[in-house]
Amino acid sequence: MAAADIHIEREPSRRPPSGIGIVHLGLGAFHRAHQAVYLQRHLDRTGADDWGISSANIRANRTLVDQLRDGDCRYHVAEFSDSEHVTLREVTAIREALYAGPDGPDRERLLARMSDPAVRIVTLTVTEKGYFLSPGSGELLTNAPAIAHDIAHPESPDTAPGTLLEALARRRSAGVPPFAVLCCDNMPHNGRRTRRAVVSLARHRDGELADWIDASVAFPSSMVDRIVPAMTDADRTRLAGLGIDDPAAVVCETFSQWVVEDDFPLGRPDWGAEGVEMVADVTPFETMKLRLLNGAHSLLAYLGALAGIETVDAAVARPAFRQLLRHYWQQDATPTLSLPAATDVAAYTDGLLARFGNDSLRHRLQQIAMDGSQKLPQRWLAGGVERSIDGADINVTALGVAGWIRYTAGTDLSGQPHPVDDPMAETLAALHRRHGDNHAALIDAFLALEAVFPAALRDDRRFAQQIVGALTRLERDGVEATITALTLTSSDRDA
Ligand code: NAI
Ligand code: CS2
């Protein structure tokens with residue numbers, strides 16, 4: 001689509017705030033297109049000057065920090081409602097970009113910033129694996145090298161929990177009240193899980209400090225939603241065609257949602273006026289989004305990639321994949337939800353299909369397929385347990401698990417290789433080496449992974465047999481034939 005044919009809305013940019021009131025860990029694409037945009041709207045509307053953001057990367061991507069700094073921390077967000085309509089917005093809410101990785105110059109600067117009384121909130125998007133909690137048990141992974149490092153060297157932390165802990169320890173000893181910690185990652189009860197990571201780590205340092213954090217630090221949970229694909233060179237070229245030459249720019253959809261538990265002892269921006277839903281309990285919103293949106297995304301990611309499909313919109317353009325999602329929503333996921341008040345789930349899932357069909361995003365399935373061992377417990381398996389206990393059939397989830405297991409073999413069904421990006425990649429590869437084509441043994445070995453599969457599903461023989469059946473069918477008949485056979489069977493049964 002030529003730039004000339006695209007309808008462009010330009011949001012006026014604003015003078016940056018001078019004061020910093022928020023520190024963010026995980027300066028990735030999502031942070032720039034979601035939390036920072038809500039704050040930008042707040043600053044635009046109120047002229048507030050004390051809620052600027054200091055954003056830090058503590059693991060990777062120093063380049064992005066340098067690029068942002070080169071642009072005085074200003075960057076652009078391109079919000080596509082479809083390939084013909086885009087809103088371009090310049091964001092000035094980020095006032096400081098820091099690289100505090102193990103080899104980074106800014107670790108001390110970051111900790112000093114987090115110890116500043118003017119900083120009242122710390123937000124995070126460090127991915128599901130960045131909390132070093134077992135996806136299954138929720139326990140802190142003390143044997144993970146980065147956590148072992150932070151236990152041995154608490155004053156120079158490498159991890160997000162370690163960075164929060166050191167900053168809170170410094171505030172406590174300086175008599176400065178603690179900031180609130182707002183997790184913005186796709187995890188269930190993400191505030192509670194972040195608390196657990198920090199308090200568990202603190203127990204290895206100082207029991208009283210751990211008790212103080214547990215008793216006096218607020219860890220509100222939040223549900224976050226906006227599809228923000230990783231930027232590609234093609235995206236940068238596309239934006240350049242719209243007059244945006246900005247290495248730190250991001251592309252996203254126009255849809256955006258943020259539901260936040262309202263627990264900010266030192267205060268917060270008036271997010272409510274910007275459309276953020278401030279609630280007492282975020283659980284119904286988060287469970288619905290994780291199981292309906294993210295659960296569907298992961299189904300498309302593994303089965304689509306095995307079929308050689310590249311993007312989300314290309315997958316949902318195929319009737320079999322839309323049929324699969326409808327079955328998953330109706331049969332496996334929705335029955336497990338206690339929906340937020342006044343939710344029309346049919347309208348919600350229709351909305352998801354429309355968002356997935358947005359071909360201007362070019363959201364790669366490979367990106368969604370990352371970190372399956374960290375994502376699937378909350379996306380498919382927690383709901384699967386509830387359905388399994390009810391004796392319900394979860395054959396779509398079983399097909400999804402078969403797809404994930406086959407995907408972790410590192411090739412699609414035509415033999416094309418793909419990288420398997422997952423903290424457990426080596427463990428999973430070893431299972432494939434050991435069991436090869438012996439599907440029953442391979443599935444039993446995967447189901448035995450306690451870090452991923454809850455006990456109720458590990459012991460559910462019907463579930464195991466369904467996964468074996470689905471894997472055999474995928475390799476024999478291909479993805480779409482398997483989906484059609486499976487969804488036909490269940491609709492006949494339901495007829
Ligand atoms: P990204 O790849 O652009 O950024 C990931 C960020 O996490 C980077 O700053 C990276 O340095 C940091 N990181 C990665 N592993 C880490 C670790 N072990 N410890 C500390 N920092 C670590 O990804 P993006 O798009 O920003 O997504 C990040 C997270 O945001 C997702 O994992 C998800 O939880 C959440 N999210 C993303 C959405 C999206 O559409 N991109 C939408 C909703 C939530
Ligand atoms: C995606 C999410 O990569 C993934 O795992 O499912 O990032 C998804 O795009 C967001 O959660 C949408 O809000």
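Begin by selecting α10 (283-306) and α15 (372-389), each of which supplies at least two residues of the shell around ligand 2; helices here are DSSP runs of H or I with at least four residues, numbered from the N terminus. Of the elements in that shell, α10 gives the most, with four residues. Before going on, note that this is a predicted model, in which local features need pLDDT of at least 70 and side-chain atom pairs count only at pLDDT 80 or more, while totals for chains, interfaces and linings use all residues. Residues are numbered from 1 along each chain as its sequence is written, chains are lettered from A and ligands numbered from 1 in the order in which they are written, and side-chain values use heavy atoms, with hydrogens and water left out.

Next, select ligand 2 and its shell, which includes Asn186, Asp225, Lys289, His297, His363, Lys375 and Arg379; a residue belongs there if one of its heavy atoms lies within 4 Å of the ligand. Because domain 1 (3-279) and domain 2 (283-494) both give residues to this shell, ligand 2 lies between them, the domain bounds coming from an automatic or database assignment. Polar contacts (pairs of N or O atoms within 3.5 Å) can be drawn from oxygen atoms of ligand 2 to the side chain of Asn186 at 2.9 Å, to that of Lys375 at 2.8 Å and to that of Arg379 at 2.8 Å. Taken alone, ligand 2 exposes 340 Å², of which the protein buries 88%, with accessible areas from the Shrake-Rupley method and a 1.4 Å probe.

Oxygen atoms of ligand 1 lie 2.9 Å from a polar backbone atom of Ala29, 3.2 Å from a polar side-chain atom of Glu128 and 3.2 Å from a backbone N or O atom of Arg226. Ligand 1 taken alone exposes 820 Å², and the protein buries 81% of that.

How values were computed: Polar contact = N/O pair within 3.5 Å; in protein donor to acceptor, adjacent residues only side chain to side chain.
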